[in-house]
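Subject: Structure handover

Hello,

Please find the structure below. My notes follow it.

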Amino acid sequence: MLRTHTCGELNKALVDKEVTLSGWVDTVRNYGKLAFVDLRDRYGITQVILSAKDIPDIDKLRNEDILKITGKVKSRLEGKENKDISTGDIEVKASSLKILSKSKDLPFEINKDIEVGEELRLKYRYLDLRNPGMARNMKMRHDTILFLRNFLHKEKFLEITTPMLTKSTPEGARDYVVPSRLHKGKFYALPQSPQQYKQLLMCAGIDKYVQMAPCFRDEDARAHRAPGEFYQMDLEMSFVEQDDILELVEGLMIKMVEELYPEKKITKIPFPRIKHADAIKEYKTDSPDIREDKKDDNELGFCWIVDFPLFEKQTEEDFFHGAGKDLAPSHHMFTAPKEEDIKLLDKTPGKAKSYQHDMVLNGFEIGGGSIRIHDHKLQDKIFDLIGFTKKQKKEFSHLLEAFSYGVPPHGGIALGLDRLMMILLGKDTIREVIAFPKNKDARDPVMDAPADIEDYQLKELGINLDKKNL
RNA sequence: GCCCUGGUAGUGUAGUUCGGUUUAUCACCUGGCCCUGUCGAGGCCAUAACCCGGGUUCGAAUCCCGGUCAGGGCGCCA
């Protein structure tokens, strides 16, 4: 057995017990004949005392070596307690030491207050994650996602995993595509969101679906937007109206903050529901920061934005005076128009409002969703309004066909988990809450992806690279 | 695709505005030595750097041009 206890759990109750600890050398304070080693794992730090007469090679110990230490737990000498660590009233007097793994010189120091350049941190992310601050971010991300899952589980949601290898569909973001070996010349696409699958699940009678879903979009990065891939808490419900969705998610956020972030205060409960037009008028943005003190990281200003226009304005004329192929859905093409506005679709679709809802937190859009269209004739009409060709429509025929066999009214929402965590933990970039983030150019600095593949792989896929244009 | 900012030892930095007393600052790391109550241990010593290419100049880390890498923004993100 490599260890009997972690480095964060020893206490006075264990005094005089023999324990075995394994962990990383956080610091060594060496007197030659006596050395103090702070042994660290993700649970904490324990001070270990090494005496040269018991342990021959204490001079060899370096930061980040991994040690296995067996010894007796002792109370600290009177007045020598360290209040800064959880194990500060005890220490372990080592009777044996084994170096399980040596560390060579580090590219940067771990667990010091020095701000290391992000490029280096990302290249050696496995070292960066040893820092207690980063370890905490990972822990809080886990706790938060676990809370969301448990809450929704109690509400009878099923988590269902939907395919990662799926089909490219027109419009939207650029797809990441994956060549098929068995069907040379054809490509899968990684999902930009599980949107169509979750609507099919509604047709399947899974009236409450959720997924902590990876989503892939080949678009450029921002400080608050991860390039390539990101995670969403994606959910969908049948037989609901917009209020049901908003109330569920609002309750979830309030409870989550209470349980996991008790030091934080929510600006307004219930969350204000702001009409899109009013947000633009009052705040000049559709993602307003409603906090009283905009510099206070412990304030959480949640609000809802509702009554979005169904279509985005492409030109002033199209927007106000009728259909045109330049109309684009402001959310996505499955978003339902408000019932009273359906009659506007024929002459002035630009005036139609929709059942879209965005959740905004501290000035960031952290989620969006809608009540969906569940009438295939209406869906077909929307396709026409955004100028879909017959071929483009055919890409969605499976969905329209599914709608012809009994489709419940349904709607849902997706929350961006990375961005939510960034705000909850008060970080400036999304990379601080992602274990192995891509850099700004969507490269993985640890693995150095994307990368070349072997010629035989290309051959097997039937792909010739156009080397002149690379 | 476009715009902006930055790049000094292994790490973090000073110096760059206004070119020259700089042998390029300091701390940590690393290597060596001393030390039995430290806790970001302490003391002494040592090693180690101006992103790449071109230009201006008697002289460039410093000014100019190009490149490259990184970050931020616009476009993009149904």
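A residue is called buried here if 20 or more other C-beta atoms lie within 10 Å of its own. By that count, buried residues make up 30% of the 470 residues in chain A. Please keep in mind that this is a predicted model.

Overall layout

Chain A has twelve helices and 19 strands. Its C-alpha trace spans about 90 × 60 × 40 Å along the principal axes. The domain assignment gives domain 1 (12–101) and domain 2 (127–433). The C-alpha centres of domain 1 and domain 2 lie 50 Å apart. Take the contacts in chain A with a separation of 6 or more: residues 24 or more positions apart account for 65% of them.

The cores

The largest nonpolar core has 50 residues, and Leu235 and Leu415 touch the most other members. Helix H11 (residues 417–424) gives this core its largest share, six residues. A second, separate core has 14 residues, including Leu10, Ile58, Val92 and Ala94. As background, nonpolar side chains in soluble globular proteins tend to be buried together.

What does leucine 235 contact, leaving aside its neighbours within four places in sequence? The list is Leu152, Phe157, Tyr209, Val210, Gly412 and Ile413.

E19 covers residues 410–416, and seven of its seven residues are buried.

Two strands pair with E19. Strand E10 (residues 228–238) runs antiparallel to E19, and seven bridges join them. Within that pairing, methionine 233 has leucine 415 as its bridge partner. Strand E18 (residues 364–371) is also antiparallel to E19, with five bridges. There, glycine 368 stands opposite alanine 414.

Helix H11

How many of the eight residues of H11 are buried? Eight are, so the helix is mostly covered by the cut-off of 20 or more C-beta atoms within 10 Å. The buried residues are Leu417, Asp418, Arg419, Leu420, Met421, Met422, Ile423 and Leu424. They pack against helix H3 (132–154), strand E9 (208–217), E10, strand E17 (356–361), E18 and E19. Glycine 426 follows H11, and its phi is positive, near 65 degrees.

The RNA side

There are 56 residues around RNA strand B. Lys112, Gly117, Gly172, Asp220 and Lys440 come nearest. By class, this surface has 16 nonpolar, 17 polar and 23 charged residues. Several elements each supply at least two residues of the surface: strand E1 (18–30), strand E2 (34–41), strand E3 (44–51), helix H1 (118–123) and strand E16 (328–329).

One more residue

Aspartate 380 lies in helix H8 (residues 376–385). Why does aspartate 380 count as partly exposed? It has 16 C-beta neighbours inside 10 Å. A buried residue needs 20 or more, and an exposed one has 12 or fewer, so aspartate 380 falls in between. Lysine 393 is 13 residues from aspartate 380 in sequence, and their C-alpha atoms are 8.0 Å apart.

Over to you.

Best wishes

Note on methods: Residues numbered from 1 in each chain as written. Chains lettered and ligands numbered in written order. Predicted model: local features only at pLDDT ≥ 70, side-chain atom pairs only at ≥ 80, totals over all residues. Core = buried A, V, L, I, M, F, W, Y, C linked by C-beta atoms within 7 Å. Helix = DSSP H or I, 4+ residues; strand = E, 2+ residues; numbered from the N terminus. Contact = placed C-beta atoms within 7 Å. Pairing = 2+ DSSP bridges. Near = placed C-beta within 6 Å. Nonpolar A, V, L, I, M, F, W, Y, C, P; charged D, E, K, R; others polar. Domains from an automatic or database assignment.
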